[in-house]
Amino acid sequence: MGEPKKKNLWEFLRYGLGFYRNPPYIEDQLREADVRSAAYLTAVVCLVEIAMILRYIRNWVLPGKVASVGEFFHYTYAYWWLLGSALLILIYGVLYMKGKLGRLRRISSVLIFLYFSFAIYFGITTAMHDFSRGRMIICFLTMLMYVTVICVWRPFSSVAIIGGVGFLFVWLLNNRTFDKAGNRLSLSEGDFINYITFLIILCILVIAVYFQRYRDAKKSWELEKISVTDDLTGIPNMHKFDEDSKAYMDKSRAEGKYPVYLVFDLANFQTYNDRFDYNGGDELLVEMGNVIVSAFPGEPAARQFGDIFSVLTNAEDYRERAARVREQIRAAHPTETYLDVKVGAYRTKETTRDARHAVDRARHALKQLHSREDEFFLEYGERMSSDYSLKQYVLNHVDEAVREGYIKVYYQPVMWAEDETLAGCEALARWIDPKFGFLSPGLFIPTLEEGRQIHKLDLCIYDAVCRQIRECIDRGLPVLPTSMNFSQLDFELMDAVSELEKIVEKYEIPKEYLHVEITESAITRDVAGLKSAVARLHSEGSGRYAVWLDDFGSGYSSMNVLKDFDFDLLKIDMEFLKNFHNNPSSRKIISCIIHLADDLNMRTLCEGVETREAVDFLREAGCGRLQGYYYGKPMPYEDILAKIRDGTYKLRKAPRPADRDA
Ligand code: C2E
Ligand code: MG
Ligand code: MG
């Protein structure tokens with residue numbers, strides 16, 4: 001499609017004369033340009049014809065030279081014809097440009113051709129009449145110019161039309177015009193040469209206009225193509241997908257159908273990229289795009305980004321088709337056994353607002369699949385829907401929850417292993433929502449981390465903890481050293497150390513009352529940034545925060561973390577105690593960790609202590625502090641104070657030097 005390359009004379013002529021097929025978009029643009037010209041031109045024609053009719057009325061009707069209405073129309077019928085037809089084309093052109101014609105758009109060429117023939121007929125007959133009276137043939141030339149403006153068709157058709165009509169006119173002048181005496185008239189040689197020159201210039205002008213329009217149309221076609229196509233795979237991009245899916249949804253709903261959104265993901269694409277380089281990865285993405293498009297022909301399909309593709313379909317067998325895509329990709333790469341295709345699906349409902357919304361839900365289903373090795377397809381379901389809505393709720397309401405005090409701090413006691421007196425407590429966030437009630441930190445903490453809003457909650461917790469300590473100091477109540485959880489993202493999303501300093505200064509809290517817990521699994525991200533944050537926590541301002549490593553042993557980089565960071569205390573992950581009763585290795589591992597920490601001059605705390613047996617073992621093994629349900633679940637600070645009062649929790653009379661965390 002498109003014009004041929006201009007390699008030789010023949011190709012040059014083909015191109016110059018316009019013997020090639022244009023893409024429909026370019027044809028549309030050219031046709032629209034013709035219709036637009038026709039509308040402008042016919043607007044002028046309407047004005048001219050109205051002026052001609054008024055002129056006739058002024059010169060003939062008003063002076064009483066016209067005897068009847070019949071006579072009036074007899075002499076002005078050509079004006080009325082031209083006015084009527086021009087008006088018709090004008091209305092058609094306006095509706096065409098406003099896009100209100102539907103299928104009638106297709107008859108534009110026929111209409112323009114009819115109008116063209118009529119105008120040329122008028123031009124020829126009037127000019128022949130004038131010529132036979134010794135006047136100029138200017139009316140024909142004007143009409144020819146008029147109509148060529150609206151038929152800027154291919155060069156060959158313009159040349160054929162202008163040439164054909166031009167020669168027909170000359171033939172008629174020379175053979176069919178007579179003076180009053182009946183003598184045949186003919187064009188003088190000089191006029192003939194001028195006339196031919198005029199026709200040639202007209203052809204050149206029309207061809208120049210055609211190529212100008214053609215280039216504009218092609219440029220906008222290319223721009224259009226770029227804006228709707230994914231650079232890499234050549235299949236539509238999400239912009240186009242959004243547009244197509246709107247129309248697709250409207251059509252489906254009119255037919256009572258609810259299409260399904262599918263989101264495809266190449267599992268372990270990163271590994272493939274590492275093995276085959278980015279070029280190899282790119283080729284796989286192109287292949288994936290093609291396989292998906294051919295599995296769902298004629299339906300909206302696009303690459304979202306990276307290795308994620310979207311499809312919208314009414315096909316009943318969408319699962320089977322998705323399975324075929326997966327099989328095809330796996331069959332094409334038999335040695336890459338890790339490579340897989342996972343598909344999340346979402347069936348739209350009456351309430352589905354737009355494509356993005358539905359794609360998000362299908363992606364949510366896809367995410368669930370990542371933890372299910374043996375499955376490749378999951379459709380978004382009702383249970384998932386409430387889970388998803390709750391996450392959206394958390395993200396949208398965190399500011400309100402902080403402002404309105406829905407975020408509460410619960411404190412879990414921490415005991416000295418040696419004598420089981422109270423060593424301090426851990427501050428844990430609770431969200432008590434007026435609408436949903438008690439929300440689990442297992443839900444809102446990861447959700448806020450994913451949505452990069454965790455710092456809002458953490459700032460609120462630091463403030464509440466410091467306020468609580470201040471109140472205890474002022475009222476002479478027991479003050480418990482409290483550990484607070486820091487997310488790795490806190491250090492990215494704000495200057496966490498300075499923010500904490502500000503709050504500590506505001507409430508004038510001695511730093512030995514505060515410990516900072518950083519989860520081990522978070523450390524893999526920005527090691528350098530975190531190292532400097534830990535150093536600042538140790539050295540900034542007066543005093544020193546103890547920095548604790550939380551959940552030690554739950555991640556993959558435990559040993560490196562110990563080597564690289566200067567932690568004061570190691571919190572042994574509760575997983576080690578889970579099967580502590582029937583797995584002798586657990587005991588050995590816990591003992592080893594405690595010794596290792598001792599050697600590195602770090603204190604130890606074991607989480608998840610639930611039984612007396614665990615307490616005894618840990619004390620024997622030399623663990624410094626214990627935390628777990630055996631001593632108490634997280635609770636409001638007043639409850640801890642009440643338990644101190646009723647003797648459930650005991651405080652040491654005077655802390656020994658070894659109790660100090662610094
Ligand atoms: P974590 O810091 O490791 O906190 C310990 C979690 O274990 C708490 O769960 C606690 O209730 C639970 N736990 C304590 N003892 C036992 C036990 O004997 N058995 C069992 N099965 N569980 C026990 P929670 O409060 O649900 O918190 C979960 C996680 O959420 C925390 O783990 C922490 O990583 C995060 N988190 C909690 N509050 C905050 C916060 O304010 N900020 C940040 N960034 N994260 C927080
Ligand atoms: Mg913690
Ligand atoms: Mg922990």
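1. Taken over C-alpha atoms, the centres of domain 1 and domain 2 are separated by 53 Å. The model is a predicted one, and its chain is assigned domain 1 (9–227), domain 2 (238–380) and domain 3 (390–648).

2. Turning to the ligand, ligand 1 sits in the largest pocket, where 23 residues surround it, the closest being Gln412, Asp458, Asp550, Glu610 and Tyr629. Sorted by class, this shell around ligand 1 holds 10 nonpolar, five polar and eight charged residues.

3. Which elements supply at least two residues each of the shell around ligand 1? They are strand E7 (422–433), helix H13 (441–450), helix H14 (454–475) and strand E11 (546–552), and it is E7 that provides the largest share, with four residues.

4. A polar side-chain atom of aspartate 458, one of the closest residues, lies 2.6 Å from a nitrogen atom of ligand 1, while a backbone N or O atom of alanine 429 lies 3.1 Å from a nitrogen atom of the ligand. On the side of the ligand's oxygen atoms, an N or O atom in the side chain of glutamate 607 is 3.1 Å from an oxygen atom of ligand 1.

Definitions and conventions:
Residues are numbered from 1 along each chain as its sequence is written. Chains are lettered from A and ligands numbered from 1 in the order in which they are written. This is a predicted model: local features need pLDDT of at least 70, side-chain atom pairs count only at pLDDT 80 or more; totals for chains, interfaces and linings use all residues. Side-chain values use heavy atoms; hydrogens and water are left out. Domain bounds come from an automatic or database domain assignment. A residue is near a molecule or strand if one of its heavy atoms lies within 4 Å of it. A polar contact is a pair of N or O atoms within 3.5 Å; within protein, one must be able to donate a hydrogen and the other to accept it, and residues adjacent in sequence count only if both atoms are side-chain atoms. On a 1 Å grid over the protein atoms alone, a cavity is a set of points where a 1.4 Å probe fits but cannot get out, and a pocket is an open set with protein on both sides within 12 Å along at least five of seven lines; lining residues have an atom within 4 Å of a point. A molecule sits in a cavity or pocket if more than half of its atoms lie within 2 Å of its grid points. Ala, Val, Leu, Ile, Met, Phe, Trp, Tyr, Cys and Pro count as nonpolar, Asp, Glu, Lys and Arg as charged, and the others, Gly among them, as polar.
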